[in-house]
Amino acid sequence: MNCRYCGTPLSYTFLDLGFAPPSNAYLTKADLAKPEKYYPLKIKVCNQCWLVQTEDYAQADELFSPDYAYFSSTSSGWLAHAARYAETMIRDLSLDQNSMVIEVASNDGYLLKNFVAAGIPCLGIEPTYSTSKAAEQLGIPQLRQFFGHKLGQQLAAEGKQADLIAGNNVYAHVPDINDFTQGLKAALKSGGTITLEFPHLMQLIKHTQFDTVYHEHFSYLSLFTVISIFEKAGLRLWKVEELPTHGGSLRVYGCHTTDSRSTEGSVEAILQKEQKCGLQKLDTYLSFQLKADQVKNNLLDFLIDQRRKGKKVAAYGAAAKGNTLLNYAGVKSDLLPFVCDAATAKQDKYMPGSHIVICAPDVLAREKPDFVLILPWNISEEVVKQNKFIERWGGKFVTAVPELELQ
Ligand SMILES: [Zn+2]
């Protein structure tokens with residue numbers, strides 16, 4: 001296999017998590033009687049451009065099924081993040097009723113609804129039927145397609161180039177990152193701005209966030225590599241911000257190469273941080289597996305220990321990262337009988353691979369577990385706040401990444 005960005009043959013493995021079903025392939029009761037598809041989950045690193053990427057294995061359309069269950073609006077913290085972003089962009093870019101905002105992978109309209117409320121024309125591009133249907137009901141125009149160079153050119157031909165193109169947690173998910181970036185270039189008005197948010201590879205490495213690895217996530221991105229990918233497409237990064245979302249993300253700001261805006265100091269500052277963290281050294285990548293295995297072993301130790309003591313452990317948050325962790329650790333319902341999740345679309349379904357049942361959060365009050373393992377550690381503060389009542393029977397919250405810790 002060759003690097004998806006620069007074409008160099010990939011000879012180094014960053015992380016091998018064995019085989020796993022797609023992290024968002026939640027199962028119904030009837031599915032439990034059928035065979036389940038497992039794909040290799042192996043991550044390679046390119047020693048030329050340092051793009052960290054999944055090994056080829058399956059078609060994107062197999063992973064994003066029409067009933068894809070992730071609705072952005074179920075996290076209140078994420079909604080507030082989106083509202084703040086919209087407010088800042090409207091102000092800083094002077095967006096008004098003559099502007100055009102496009103969001104790629106607009107999900108259920110959690111972001112664009114803020115622009116609609118401000119009277120700014122927008123377009124959501126979202127291939128998943130269930131989420132784009134929800135966005136349509138909020139009055140957001142939708143294109144139910146995958147984004148790429150062809151669609152970017154089509155939008156340009158129809159006079160729908162954008163003043164602002166937003167892409168939150170989509171850049172790492174596209175199989176052909178060059179084609180996608182060319183699409184951004186084609187759909188961007190002269191003088192327009194692109195912002196992309198993606199989990200920062202530097203944080204993944206620093207904090208052993210190996211559970212953020214899953215099949216739908218084709219790339220693990222550093223600023224260093226994204227600058228290079230943008231340049232090749234005729235785009236330039238002129239600003240970057242570090243965000244606390246998803247365990248540490250970057251928001252990069254792009255424009256056409258010829259744009260008059262100068263590049264801000266933030267770009268150089270974060271490039272230096274990455275270099276200090278060893279992101280352009282092969283050793284950094286080759287030593288990661290050992291750290292991931294330690295996290296997995298500590299979680300297993302804890303669960304087996306509690307089981308022996310007769311304590312009850314439940315989990316909270318049927319997130320994709322939880323599936324990666326549980327499947328790599330081989331945890332099943334004997335050690336973890338149920339997972340609670342506030343998203344009704346996931347309730348009464350089963351976690352892929354582990355087949356642990358997903359319940360409504362009120363089951364906690366009935367079952368009174370001694371420990372609640374929070375799988376989406378990035379929203380642990382929110383989860384603790386909303387479920388503080390477990391303290392009434394002495395229940396405690398635990399997270400497993402980057403190390404096993406009581407909350
Ligand atoms: Zn490469």
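How many residues does helix 2 have, and how far does helix 2 reach from its first C-alpha to its last? Helix 2 (residues 76-92) has 17 residues and reaches 25 Å, close to the 24 Å expected at 1.5 Å a residue. The expected span is 1.5 Å times one less than the number of residues.

## Basis

This is a predicted model: local features need pLDDT of at least 70, side-chain atom pairs count only at pLDDT 80 or more, and totals for chains, interfaces and linings use all residues. Residues are numbered from 1 along each chain as its sequence is written, and side-chain values use heavy atoms, without hydrogens and water.

Helices (H or I, at least four residues) and strands (E, at least two) are DSSP runs numbered from the N terminus.

Trp78, His81, Ala82, Tyr85, Ala86 and Met89 are buried in helix 2 (under 20% relative accessible area, with exposed over 50% and partly exposed in between; 1.4 Å probe, protein chains only). They share one side of helix 2 because they cover an arc of only 135 degrees around the axis, taken from the directions from the helix axis to the C-beta atoms. Arg84, Glu87 and Arg91 are exposed on the other side.

The packing partners of the buried residues include helix 3 (112-117) and strand 7 (162-168). Just after helix 2, Ser94 takes a positive phi of about 50 degrees.

## Nonpolar core

The largest nonpolar core has 46 residues. Such a core joins buried Ala, Val, Leu, Ile, Met, Phe, Trp, Tyr and Cys residues through side-chain atoms within 4.5 Å. Helix 11 (288-308) is one of the elements that supply at least two residues. Helix 11 gives the most to this core, with 6 residues.

Key. Contact = heavy atoms within 4.5 Å.
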